[in-house]
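Please report on the aromatic residues and the nonpolar core of this model. Keep the account brief and give the cut-offs for each term.

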Amino acid sequence: MGKKRRRFDREYKVEAVRAALRGDRPQLEVAKDLGINKETLYRWVHEFRDDASQSFPGNGRVKDRDRELEQLRREVHRLEAENAFLKKVSAYFAKSPR
């Protein structure tokens with residue numbers, strides 16, 4: 001049987017990052033004390049430093065910037081489809097004799 005994957009809530013991750021960034025102990029020691037992999041703690045610290053307010057959104061939740069990016073991509077796709085349609089229509093009317 002495989003190991004069950006542990007899940008950590010946002011508060012736990014933020015406290016772990018704060019303990020790592022406090023500077024009184026090395027991050028490796030903090031990770032060992034918390035019982036987590038050192039790479040996991042390094043990744044949490046990196047994500048927290050990138051954008052503390054958007055870090056660790058939770059299971060199934062999307063960060064605001066990712067949500068906006070997806071919305072903009074959908075809009076670009078829709079506008080490209082409309083543009084292609086208008087090109088075809090204008091070509092049709094340009095060819096047809098009156």
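Y12 is partly exposed, at a relative accessible area of 28%. Here buried means under 20% relative accessible area, exposed over 50%, and partly exposed in between (1.4 Å probe, protein chains only). This is a predicted model, in which local features need pLDDT of at least 70, side-chain atom pairs count only at pLDDT 80 or more, and totals for chains, interfaces and linings use all residues. Residues are numbered from 1 along each chain as its sequence is written, and side-chain values use heavy atoms, with hydrogens and water left out.

**Aromatic pairs**

The structure holds four aromatic pairs. Rings of Phe, Tyr and Trp (its six-membered ring) pair if their centres lie within 6.5 Å; planes under 30 degrees apart count as stacked, over 60 as edge-to-face and the rest as tilted. Two of the pairs involve F8:

| Pair | Centre to centre | Angle between planes | Class |
|---|---|---|---|
| F8 and Y12 | 4.9 Å | 15° | stacked |
| F8 and W44 | 5.4 Å | 75° | edge-to-face |

The F8 and W44 pair links distant parts of the chain. F8 lies in the segment before α1, W44 in helix α3, 36 residues apart. Helices (H or I, at least four residues) and strands (E, at least two) are DSSP runs, numbered from the N terminus. F8, Y12 and W44 form one aromatic cluster.

W44 counts as buried, at 5% relative accessibility. F8 is partly exposed, with a relative accessible area of 24%.

Contact means heavy atoms within 4.5 Å. Leaving aside residues up to four places away in sequence, F8 touches K13, I36 and W44. F8 and F56 are 48 residues apart along the chain, yet their C-alpha atoms are separated by 9.7 Å.

**The nonpolar core**

A nonpolar core is a set of buried Ala, Val, Leu, Ile, Met, Phe, Trp, Tyr and Cys residues joined through side-chain atoms within 4.5 Å. The largest one has 13 residues. V17, L41, W44 and F56 have the most contacts inside it. Two or more residues come from each of α1 (10–21), α2 (27–34) and α3 (38–50). α1 gives the most, with five residues.
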